[in-house]
Amino acid sequence: MASNVEAPERWYLALLGFAEHFRTSSPPKIRLCVHCLQAVFQFKPPQRIEARTHLQLGSVLYHHTKNSELARNHLEQAWFISQQVPQFEDVKFEAASILSELYCQQNMVDSAKPLLRKAIQISQQTPYWHCRLLFQLAQLHTLEKDLVSACDLLGVGAEYARVVGSEYTRALFLLSKGMLLLMERKLGEVHPLLSLCGTIVENWQGNPIQKESLRVFFLVLQVTHYLDAGQVKSVKPCLKQLQQCIQTISTLHDDEILPSNPADLFHWLPKEHMCVLVYLVTVMHSMQAGYLEKAQKYTDKALMQLEKLKMLDCSPILSTFQVILLEHIIMCRLVTGHKATALQEISQVCQLCQQSPRLFTNHAAQLHTLLGLYCISVNCMDNAEAQFTTALRLTTHQELWTYIVTNLASVYIREGNRHQELYSLLERINPDHNFPVSSHCLRAAAFYIRGLLSFFQGRYNEAKRFLRETLKMSNAEDLNRLTACSLVLLGHIFYVLGNHRESNNMVVPAMQLASKIPDMSVQLWSSALLKDLNKALGNNMDAHEAAQMHQNFSQQLLQDHIAACSLPEHNLISWTDGPPPVQIQAQNGPTTSLASLL
């Protein structure tokens, strides 16, 4: 006969075994699992079993059902009871962690924060949970856009990890802090921090996969820092190191040996997610540099891998990666003359944002910016203005704001009658003094916009000064698309001035570069100029060849223009308020005309 002490363990273990069997069945039998766990309370169990069962019930209900009220009730019970039981850290802190997640999901952030703070305060003797809860509260502050509080917590975590002898987790805290400082544009603090991180990562001797993942995190921050600064050429050594690093990780096998220090029980991202991230930053680089075919190749690879991952993993970060990849490839399509495909991909981003309010909040400004760029490509300038104005209202990101203003200025220049608004905008993005951001690429683009305006106003010497500045900056950092645009515009200026030889010296390399990108609009523009130039120079064969090229580009762009404007998604150009429209109504044929560039 079993003693009274053993009896509760036997019935408890039996019910627990049944519950786990039902939970892991295929498909899971969650209702039966919950019944088994609820039956535990019929036996009036001791506090340890009662608290653990509340935690198990709360966790199952939270992760597998929509009954969040009942889940919350069980998790609150687990948290309350476990605090009265000595040496019960795992149950206590897991309850606090899941309960705060549930509070956030129910928009009860003011309940989540004090709960996490208390759990952090009483977990200092439990390194794993103390670090995990600090990460969780920092993430909560980040989602609330309170980056100062998040950075403070990550700093506390880094110092705690150092004290408990975990250099690995110290590096994770510091790299996370570096990521937030980059988001805040606190570059003065970022440089010494990244330098310290680099030293810690190189000196740490531990699990090879953990070491390489720290290196990937470190290099991703460096690469994005360069790309934010528009330094496409300078970033190349870093990007190459990052690509080598991810190849090394993919050849390493996950070691099942657990770290001896419980504070080391963290990992930044799964290996598969890191691969997608490296593809993503490679696409960002290719896009800025104007290697659009390369951007297309890496986007295809990344999206294919994402589709596979999303079948097994519903992590929100995968949807974020997918949206950022689509944002970049949409810009590529618009440049390469595939507007219809770009429009369908904009609609795809809308659908992804419909599924996640947080994703929409974070990407609404980018979505309206893309629609603005599409509107320019189909010559719907009023809609372009409305889209860019909406995007400006929705963003607080300085680089994106500057990019939108630059494109809105180009709309006003093309419209030709918006002088007051145009000069007001240009004052705010003056590349000669007080430029709002440190981006080399955006500053070069601002010089180009000034050159374009001066050209339209017939102030050719001034236009040449601005465009030569753009060329100097774009050549320094391999900004191929800006180089091609500047060369063809300079060529046009020399043609108007009657300097045909100098014009030819500009237009021929512009055409070569535009073909390499390939940039359809610049090719169209260059071929038109080459036709007129060769006629003026008496090169009739070359003039005929250029005319044929111009005809081909015109036909391609016209067909794509008609295809895009005929799509039901074209009606997205009228959407400027609220969440993305769920249904897009078809319309009767295109309502816009093909724009000539000049």
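A crossing of two helices is called left-handed if the near helix is turned anticlockwise from the far one by less than a right angle, and right-handed if clockwise.

1. **The overall picture.** This is a predicted model, where local features need pLDDT of at least 70 and side-chain atom pairs count only at pLDDT 80 or more, while totals for chains, interfaces and linings use all residues. Numbering runs from 1 along each chain as its sequence is written, and side-chain values use heavy atoms, with hydrogens and water left out. The protein has 26 helices and zero strands (DSSP runs numbered from the N terminus: H or I of at least four residues for helices, E of at least two for strands). Its C-alpha trace spans about 110 × 55 × 45 Å along the principal axes. Of its 598 residues, 52% count as buried (under 20% relative accessible area with a 1.4 Å probe, protein chains only; exposed is over 50%, partly exposed in between).

2. **α21 against α23.** Take helix α21 (residues 440-456) and helix α23 (residues 480-496): their axes come within 11 Å and cross at roughly 20°. The axes are lines fitted to C-alpha atoms over the stretch in contact, with angles from 0 to 180 degrees between N-to-C directions. So α21 is roughly parallel to α23 (angles under 35 degrees; over 145 is roughly antiparallel, 65 to 115 roughly perpendicular, the rest oblique). The crossing is left-handed. On the α21 side, the contact residues include Tyr448 and Phe455, and they meet a set in α23 that includes His492 and Val496 (contact means heavy atoms within 4.5 Å). The contact residues divide into eleven nonpolar, three polar and no charged (Ala, Val, Leu, Ile, Met, Phe, Trp, Tyr, Cys and Pro are nonpolar; Asp, Glu, Lys and Arg charged; the others, Gly among them, polar).

3. **α16 against α17.** Helix α16 (residues 339-355) and helix α17 (residues 357-377) have axes that come within 9 Å and cross at roughly 165°. That makes α16 roughly antiparallel to α17, and this crossing is left-handed. The residues of the contact are 13 nonpolar, three polar and one charged.

4. **Cysteines.** Searching the whole structure turns up zero disulfides (pairs of cysteine sulfur atoms within 2.5 Å). Cysteine 380 is in no disulfide, its nearest cysteine sulfur, that of cysteine 375, being 5.7 Å away; cysteine 380 counts as buried, at 7% relative accessibility.
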